[in-house]
Amino acid sequence: MGVHATFCQLCALPTQHDHYVPSVGGMLRIYRGRSGSAPSESGRSENGGHDWADEPQKPFPFGPQHAWLNEAVGLDLGGGDAIFRGPVEDGGLDDVASGESIFVWDGNDEALVFHERCWALMGCPKTAEKALRGGGTLEWSLLERYHEQLFEFRELEADGKAWMLADPATDARSRARIVSLIEARRHAAPSDTEPKSLADVLSQDVDWRAVTTRVEQRERRHLVYYRQAPHRGMSLSAYPHLLCLLKGYATEEILATGPMLDALERFQLAMKSALEHDGLGVMVLTSLGEGKAQYLAYVKDLQAAHARVDALPGRDEPMPARYDDSNDPTWRIILEEMGLPKR
Ligand SMILES: [Zn+2]
């Protein structure tokens, strides 16, 4: 079993602190959440199993507010109703009570894995069938791009999202993120069958995908979030107008970073909710890059949709937004012109 991360199947954050830290000479060292936590007698911190004192790049600075990430619960997927609890490393959950190690891999193998906090906020479901899953939601896709072999804590921090790592038991903003996801999943339709209509797409709401395009090896150029489920075989004509909100965030051609990126990404959650809650629109894509953000939704009534979007906080931040709408009853623009990868 190699080095591997496991993710909470509700909130998409990892169930361990392990991450890679670039070292001198281009090597990667692994910070291990279970190895050591106190500075040694020499005063050098050996957190995570290494002495980082001479390293130019340090591990993510974990504090007491991050301890909850290590506390996992696994619900049996083997047909039983056992509940496993303990730390997770490299795809194995070590059940403290039995001493057994359960193979959970990414969080969905012999058991379905959640943070203990997320599980408790869900109402402590006793079986995997009763638990809520976040996979495929827009909220999930916002974190999916940090799901490398080990979670990219530093990249998450650089994108202004470190607030999500705070303990939901004591941090209201972190808790609100998880609670709103739980509410949305509780009201969602079962997603074990292919959606046959736009109504199914909206009620299941698990077809989101994130794509990152990079320059050279690492530097990110564009982030795109889009729905994969709508297709030609569905009746699309009830939503004939493509609403396109264009928002500049920089004068030069760059990808937003820090709290700006976080705010631009979260704006799509607000827009999605404003348009979709009663079926007025279907949010289909958000693209960030080259100094501008584009938010696309197909809507029944353009004027009504504009009114809702115009009322959203942050619509004109950091620069005034404008519309570039199209009449597109066959959804040609999103289904053909954009060249999006299909599932
Ligand atoms: Zn969680």
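## Sheet and helix

Three strands, in the order β4-β3-β8, make up an open sheet with antiparallel pairing. At its edges stand β4 (83-86) and β8 (111-115), each with a single partner strand, so one side of each has no neighbour in the sheet. From one strand to the next the twist averages 25 degrees. The model is predicted: local features need pLDDT of at least 70, side-chain atom pairs count only at pLDDT 80 or more, and totals for chains, interfaces and linings use all residues. Residues are numbered from 1 along each chain as its sequence is written.

Strands are DSSP runs (E, at least two residues), as are helices (H or I, at least four), numbered from the N terminus; two strands pair if DSSP finds at least two bridges between them. Strand β3 (residues 72-76) is joined to β4 by 4 bridges, and Gly74 has Phe84 in β4 as its bridge partner.

Helix α4 (residues 172-186) has 15 residues, which at 1.5 Å a residue should span 21 Å; its end C-alpha atoms are 20 Å apart, which agrees. The expected span is 1.5 Å times one less than the number of residues. A residue is buried if 20 or more other C-beta atoms, placed from the backbone, lie within 10 Å of its own, and exposed if 12 or fewer do.

| Class in α4 | Residues |
|---|---|
| Buried | Ser174, Arg177, Ile178, Leu181, Arg185 |
| Exposed | Ala172, Arg173, Ala176, Glu183, Arg186 |

Viewed down the axis of α4, the buried residues fall within an arc of 85 degrees, so they line one face of the helix. These buried residues of α4 pack against α1 (116-121) and α2 (138-144), where contact requires C-beta atoms within 7 Å.

Notes: Axes fitted to C-alpha atoms, helices over the stretch in contact; angles between N-to-C directions. Arc of directions from axis to C-beta. Contact = placed C-beta atoms within 7 Å.
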